[in-house]
Amino acid sequence: MTDKNFQAHEIRDKIKIDYKYTYGSQSKFFIDLMSDKKLQGTKCKKCGKVWMPPRVGCSDCFEDTEWVELPHSGQIMVSTIVWYTTSDFIQKIPYGIAFIKLDNADTALLQGVFSENLVPSKIKKGQRVKAVFKTAADREGKMTDFFFVPEDEYEAWINQEQYEGGK
Amino acid sequence: MMAASSYVSMVNAHYDEFGNPTEEQMALVSIKNHGNAMNNPKAQSPMEITVQDVLNSRIICYPFKMLDCCLYSEASAALILASEEKVKELGVDNPIWITGVGAANTDCFIGNRESMGRLYSNINAAKVAYKMAGLDYDNIKNQIDLAELHDAFSGQEVISYEELGFVPFGEGGPWIENTYEKPGMGPWIDGELPCCPSGGLIGCGHAVGATGIMSTGEAALQLRGDAGKHQVEINHGRAISHSIGGPGAAYAAVIVMENEEGLSKK
Ligand SMILES: [Zn+2]
């Protein structure tokens, strides 16, 4: 640009895009979560490894897997407490996140951990946790439909109006 | 999941297994790299700070504080690569030779890893690179002059000390702590193996994509004696650069570089 007096004229406008995407062959996990509060993992037909989050093919032996319903309880493998995050979750800080191994699963699921007592000595490796769900009206078939709480706080959480326990 | 919470999972798992790095040990990495950046005119975050400054900085995700984290930045870096024949044809003075390259992957999803406090891609990449260069993984600390590491987060640099073979597993945190203010020891700028003399990602800023080139270029500057105020002593004529990427920090690359003197010593 050689013209020193050049000035760009800017208009503030908006682009709105409606779009859809699918969860592909993992759709069953999200449908069963939304409709029945089920946590569906997959089990390798060859080696028997139980994957959670579910994988349609076993990452170890590349064989097909089959769906297997998992319990709602498990334990924290590793965790942190988040104080800074993306705009979607910034209203909720601070909160815990953890890799959680559900009982009977061989791999760990990444999910939020909420607690009345959000301290590193409580949100830590080995802590037993249990899944709490949003009510049916609020569930959308997304990972944010549920979260985990320390087992000893479970009753207090599911007694809140906006949440419920699993079956 | 943010980069910080992804790296912090590995660091917390490492702590659960080995009892380190502690928050104070991580703060020392921050002090070192921000401090090294004071002597690098191209660095974005030069700072003279104390352990207390790091511990008091804003919490990002436990136990990372703001000063444990690099700044996400925008910048560029460049290397000029040429074949051995071309270097000779052009009569390049003091070329730096790439004598070892290693790259490896591990499970992208941290939840699939048997041992979450380990980054197997790092040790695998390092072993391949060292072997190609004719170096010994178990004695690497005594065979190189410096390492430019991928210190996106302070605690992760500590894990790199172990995976890249500088100290035994579980001794990364104590290595930086026990050598603080002890000239000739540890990963400090005047230490036995200076790590991130440029300031690394914590001191320079992390221009994602350009960072690996920056680290490699910094190691080359050091080996040519062109690093200016952050020049370290070059005795072996050999350095490494290390970079990490991908979801769950699954991918790693290690490069061994040597100047003419380094080559002649083998
Ligand atoms: Zn299998």
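The side chain of Glu157(B) makes a polar contact with the side chain of Lys32(B), at 2.7 Å. A polar contact is a pair of N or O atoms within 3.5 Å; within protein, one must be able to donate a hydrogen and the other to accept it, and residues adjacent in sequence count only if both atoms are side-chain atoms. This is a predicted model, in which local features need pLDDT of at least 70 and side-chain atom pairs count only at pLDDT 80 or more, while totals for chains, interfaces and linings use all residues. Residues are numbered from 1 along each chain as its sequence is written, chains are lettered from A and ligands numbered from 1 in the order in which they are written, and side-chain values use heavy atoms, with hydrogens and water left out.

Glu157(B) is part of helix α6 (residues 154–163) of chain B; helices (H or I, at least four residues) and strands (E, at least two) are DSSP runs, numbered from the N terminus. Glu157(B) counts as buried because its relative accessibility is 0%, where buried means under 20% relative accessible area, exposed over 50%, and partly exposed in between (1.4 Å probe, protein chains only). Leaving aside residues up to four places away in sequence, Glu157(B) touches residues including Val29(B), Asn33(B), Asp151(B) and Cys196(B), contact being heavy atoms within 4.5 Å.

## Asn33(B) and Cys196(B)

Asn33(B) sits in helix α2 (residues 23–37) of chain B and is buried, at a relative accessible area of 0%. Beyond four places in sequence, its contacts include Glu157(B), Cys195(B), Cys196(B) and Gly199(B).

Cys196(B) belongs to the loop between α7 (172–178) and α8 (200–204) of chain B. Cys196(B) is likewise buried, with a relative accessible area of 0%. Its phi is near 55°, a positive value in a residue other than glycine.

## Other backbone features

Most residues other than glycine have a negative phi, and most peptide bonds are trans. Asn94(B) is not a glycine, yet has a positive phi of about 50°. Asn94(B) lies in the loop between α4 (84–90) and β3 (97–104) of chain B and is partly exposed, with a relative accessible area of 34%.

A cis peptide bond links Asn20(B) to Pro21(B), with omega about 5°; Pro21(B) is in the loop between α1 and α2 of chain B. In chain A, Ile93(A) and Pro94(A) are joined by a cis peptide bond with omega about -5°, and Pro94(A) is in the loop between β4 and β5.

## Nonpolar cores

A nonpolar core is a set of buried Ala, Val, Leu, Ile, Met, Phe, Trp, Tyr and Cys residues joined through side-chain atoms within 4.5 Å. The largest has 71 residues, and Phe64(B), Tyr130(B), Tyr161(B) and Phe166(B) have the most contacts inside it. Helix α1 (residues 3–18) of chain B gives the most to this core, with six residues.

## The interface of chains A and B

In the contact between the chains, 19 residues of chain A meet 18 residues of chain B. The buried area is about 1700 Å², with 69% from carbon and sulfur atoms; buried area is the accessible area (1.4 Å probe) that two parts lose on being put together, summed over both. Val78(A), Tyr84(A) and Phe99(A) lose the most area on the chain A side, together 32% of what that side buries. The rule finds six residue pairs in polar contact across this interface (both at pLDDT 80 or more). β4(A) gives the most to the chain A side, with six residues.
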